[in-house]
Amino acid sequence: MKGPKAISIAEEMDHASFDFLNDLIEPLKKFMADLKGPRLVTRRSRVLPSRIFRDIPVIEINDLK
Amino acid sequence: MNVFAVEYPGYGIYKGTASEKNVLLDAEAAYNYLLNHLHCKEEDIIIAGRSLGSGPATWLASFTNPGLLVLISPFTSIKGVVKHAFGSTASKLVKERFNNLKRMPSVNCPVFILHGKNDQLIPLEQANQLYGINNK
């Protein structure tokens, strides 16, 4: 069974726009409110041990608040 | 929310070549890392890709079962982008890669697409095609 799908169109956004978060967050929150899946909840993240997997450096990003 | 971001090979400090195969293998390796090493629940994972990143994101979501797929400024395929920018003749010279249009029907998780109306590189029509393919 297919999950629900939504498209949001940002009036002013072009391909070079990197300030799309404002256009993204609210519609995404609204979409996710009806899902039983993940939630956009911000909290302090765990610090992961640095490790290499498949030769890829793992960069840790914390505090996405 | 935690973000796990993977660099393309050949960019930054990660050596290698950013071929389609390498990028897709890395996407799968990253997903497996979240599941098997960090023990994330699949339903808690949001796969997100912007522009070129919509390719590996859609591919990964086509055979996994994450909580959500988020596509920002996605394209139908690389060929589709070239066709829009340079015309049909030029697109015939380009090998098909990151065929999101072909893979989208296999995506079963919820999908959220954001696209800019002023996007000149990848027209809104391509996002609409991806949106519409399962909504007919």
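What radius of gyration would a compact globule with 136 residues have, and what does chain B have? A compact globule of that length would come in near 14 Å, and chain B has 15 Å, which agrees. Keep in mind throughout that this is a predicted model.

**Figure 1. Chain B as a whole.** Six helices and three strands make up the secondary structure of chain B. Going along the sequence, they turn up as α-β-α-β-α-α-α-β-α. Of the 136 residues in chain B, 39% are buried. If you take the contacts in chain B between residues at least 6 apart in sequence, 52% of them join residues at least 24 apart.

**Figure 2. Helix H3 of chain B and its neighbours.** Here we zoom in on H3(B), which covers residues 78-86. Its buried residues include B:Lys79, B:Gly80 and B:Val81. What do the buried residues of H3(B) pack against? Their partners are two helices of chain B, H4 (88-92) and H6 (124-132). Just after H3(B) comes B:Gly87, with a positive phi of about 100 degrees.

**Figure 3. Where chain A touches chain B.** The contact draws 35 residues from chain A and 40 residues from chain B. On the chain A side, the elements that give two or more residues are strand E1 (5-10), helix H1 (21-33) and strand E3 (56-57). E1(A) supplies the largest share of that side, with six residues. Sort the chain A residues that touch chain B by type and you get 21 nonpolar, seven polar and seven charged.

**Figure 4. Strand pairing across the two chains.** A closer look at E1(A) shows the strand joined by six bridges to strand E3 (residues 111-116) of chain B. Do the two strands run parallel or antiparallel? They run parallel. One pair to pick out in this view is A:Lys5, which stands opposite B:Val111 in E3(B).

Figure 5. Chain B has a mean pLDDT of 91, and 98% of its residues reach 70 or more. Which element of chain B has the lowest mean pLDDT, and which the highest? The lowest belongs to H4(B), at 89, and the highest to helix H2 (residues 54-61) of chain B, at 97. For the complex, the predictor gives an ipTM of 0.85 and a pTM of 0.82.

Key. Residues are numbered from 1 along each chain as its sequence is written. Chains are lettered from A and ligands numbered from 1 in the order in which they are written. This is a predicted model: local features need pLDDT of at least 70, side-chain atom pairs count only at pLDDT 80 or more; totals for chains, interfaces and linings use all residues. Helices (H or I, at least four residues) and strands (E, at least two) are DSSP runs, numbered from the N terminus. The radius of gyration is taken over C-alpha atoms; the globule rule is 2.2 Å times the number of residues to the power 0.38. A residue is buried if 20 or more other C-beta atoms lie within 10 Å of its own, exposed if 12 or fewer, and partly exposed in between; C-beta atoms are placed from the backbone. Two residues are in contact if their C-beta atoms, placed from the backbone, lie within 7 Å. Ala, Val, Leu, Ile, Met, Phe, Trp, Tyr, Cys and Pro count as nonpolar, Asp, Glu, Lys and Arg as charged, and the others, Gly among them, as polar. Two strands pair if DSSP finds at least two bridges between them. pLDDT is the predictor's confidence in each residue, from 0 to 100.
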